[in-house]
Amino acid sequence: MRALTIALLATLAGLTPAVLMLEALPARADEKPIALKKAPGLDKVEANCGACHSLDYIQMNSPFPNAALWDAEVGKMIKAFGAPISDADAAVINDYLTKHYGS
Amino acid sequence: MITRRRLLEGASAAAALAGSGLPPLAEAAGLDLPPALPHGLRAAAVLESLPGKKPLIKLSYRPPNYETPIEYFRTAITPNDAFFVRYHLADIPAADASVLDPKTWKLAVGGEGANTEFTLGLDELKQMPAAEVVAVNQCSGNRRGLFVPHVAGVEWGYGAMGCARWKGARLKDVLDKAGIKKEAIEIVFNGADGPAVDKTPDFIKSIPVWKAMEETTLIAYEMNGAPLPHLNGFPARIIVPGWTGTYWMKHVISIKAVTKPESGFWMNPAYRIPIGKFPIVARFLTQENAANTPITEMVVNSLITSHADGATVNAEAVDLGGIAWDGGYGIQSVEVSTDGGRAWNAATLGQDIGRYAFRTFSFRVPAHARGKLTVMARATNKIGQSQTAELIANPAGYHHNVMHRVTLIVA
């Protein structure tokens, strides 16, 4: 919970995603920021996905997932892993992932 | 090993790519990643060192997932500082956290299937009779990245595995001390690591009582004669020889005997294989349903480790080498084909250091005409199981044991 709280506080404070990612780290002080493609929706990806895991998970699972598979992955994060992602953010994230890391 | 020359070539290739505006490929950093891996992985993976570790192939920072480069599999024992790292959840206690401190670490033993409950300190665990086993620890999803079509998850190549000599107390001795009731069906493990968000299911795993009571199922505190590395489960982890790594709980702090099947996410729906698709002997019946069953023992497998795919060799004889392993029945034979799998010739097996260990093999390919030379390896275990020629599809991308194939350039 600690990591997520810090991430949310960072978002509220309007900090940049890079700072947010570093602040959200529970275990890895030497984690390097992952630069995903700059495009609309990236802020939602960084704030939501990056709260629990580094964003290289997205890179390594690309570009093979289609829209349905990315939707299933985001759904798994919400339903199975309890990620507090709003429906609105989930839609933006799905769109971003499919467009930039999908097929 | 990455030679200095290859590093330099990598550096100049990276510089060229930087100039072209293209993302640097993993190959540019000196990585020989299989071309079948997802492009996104090949572009993003880098060699990086975790504290106390040699450079490993970084797939993800948080949670840390780092695989062992293939070169380290030329011997039957994998060095501790090159052993792969795999976590599901990101909240990993620091190396100096009190929960992992040998002076303050506590293992809680109990559960409704046990007669008593107690805690053990590390010194108390070490005072119990010690046992050793050489055993392969392989991630269920090793080689997932090679699945066609791709399966989502951590996109491992060949290196989510390693073999070590583990020393510790027998789990059986600890369970006997607690007194296991006859109604107990599973032994449940929890470790000190946890999720980043409270609602994410903690990583909790169970094994059947019969497997827990085997002589070689250990609570290990030593790996290859040294304390466990921090990111391989310090100060103690569960060793389940023959079974995939998912049951080998790291940083173990709780062991419970239970009378009902453990129902957490990591037992079901996670880590399941379809019923009837794989030649599995060891079954986990209290977790089985009509459609699927927990992954248990490893399928027989082998890997050519002497030469990288695409390596140049001269036209003289080529000395191939590699390793083979299975779920603990032992390796009966390894064969090599140089004609695409039509004819097979017996390789020479190296020393047998235990039925759960890597078994090395070697094979001399006679002088060969210039051009491409494709070599394949196929292991068979002592109960007659062999590797598959075609991938056995399954939803989570487990048990990849398609025969390994390396193409050499004879010059």
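Colleague: How many residues does the contact take from chain A and from chain B?

Modeller: This is a predicted model, so the answer is a computed one. The contact takes 29 residues from chain A and 24 residues from chain B. Residues count as being in contact if their C-beta atoms, placed from the backbone, lie within 7 Å.

Colleague: Which helices of chain A each supply at least two residues of the side that touches chain B?

Modeller: On chain A, these are helix H1 (2–12), helix H4 (56–60) and helix H5 (67–79). H4(A) gives the most to that side, with four residues.

Colleague: How is the side of chain A that touches chain B made up by class?

Modeller: By class, there are 18 nonpolar, six polar and five charged residues on the side of chain A that touches chain B.

Colleague: Turning to chain B, how many helices and strands are there?

Modeller: Chain B has five helices and 25 strands. Its radius of gyration is 22 Å, close to the 22 Å given by the globule rule for 411 residues, so chain B is as compact as a globular protein of that length. Along the principal axes, the C-alpha atoms of chain B fill a box of roughly 70 × 50 × 40 Å. Of the 411 residues, 51% count as buried.

Colleague: What do contacts in chain B look like in terms of sequence separation?

Modeller: Take the contacts between residues at least 6 apart in sequence: 66% of them join residues at least 24 apart.

Colleague: Into which domains is chain B divided?

Modeller: The division gives domain 1 (4–86), domain 2 (106–294) and domain 3 (301–410). The centres of domain 1 and domain 2 of chain B, taken over C-alpha atoms, are separated by 28 Å. Between these two domains, 26 residues of domain 1 are in contact with 24 residues of domain 2. On the domain 1 side, strand S2 (56–60), strand S3 (65–67) and strand S4 (85–86) of chain B each give two or more residues. The largest share, three residues, comes from S2(B). By class, that side has 18 nonpolar, six polar and two charged residues.

Colleague: How should I read strand order in a sheet, and which strands stand at the edges?

Modeller: Read the order as a list of neighbours. In chain B, four strands form an open sheet in the order S17-S19-S23-S22, with antiparallel pairing. Strand S17 (301–304) and strand S22 (348–349) of chain B stand at the edges, each with a single partner strand, so one side of each is left without a neighbour in the sheet.

Colleague: How many bridges join S19 to S23 of chain B?

Modeller: Seven bridges join strand S19 (residues 318–325) of chain B to strand S23 (residues 359–365) of chain B, and the two run antiparallel. Ala324(B) stands opposite Arg359(B) in S23(B).

Note on methods: Residues numbered from 1 in each chain as written. Chains lettered and ligands numbered in written order. Predicted model: local features only at pLDDT ≥ 70, side-chain atom pairs only at ≥ 80, totals over all residues. Domains from an automatic or database assignment. Nonpolar A, V, L, I, M, F, W, Y, C, P; charged D, E, K, R; others polar. Rg over C-alpha atoms; globule rule 2.2 N^0.38 Å. Buried ≥ 20, exposed ≤ 12 C-beta atoms within 10 Å, placed from the backbone. Pairing = 2+ DSSP bridges.
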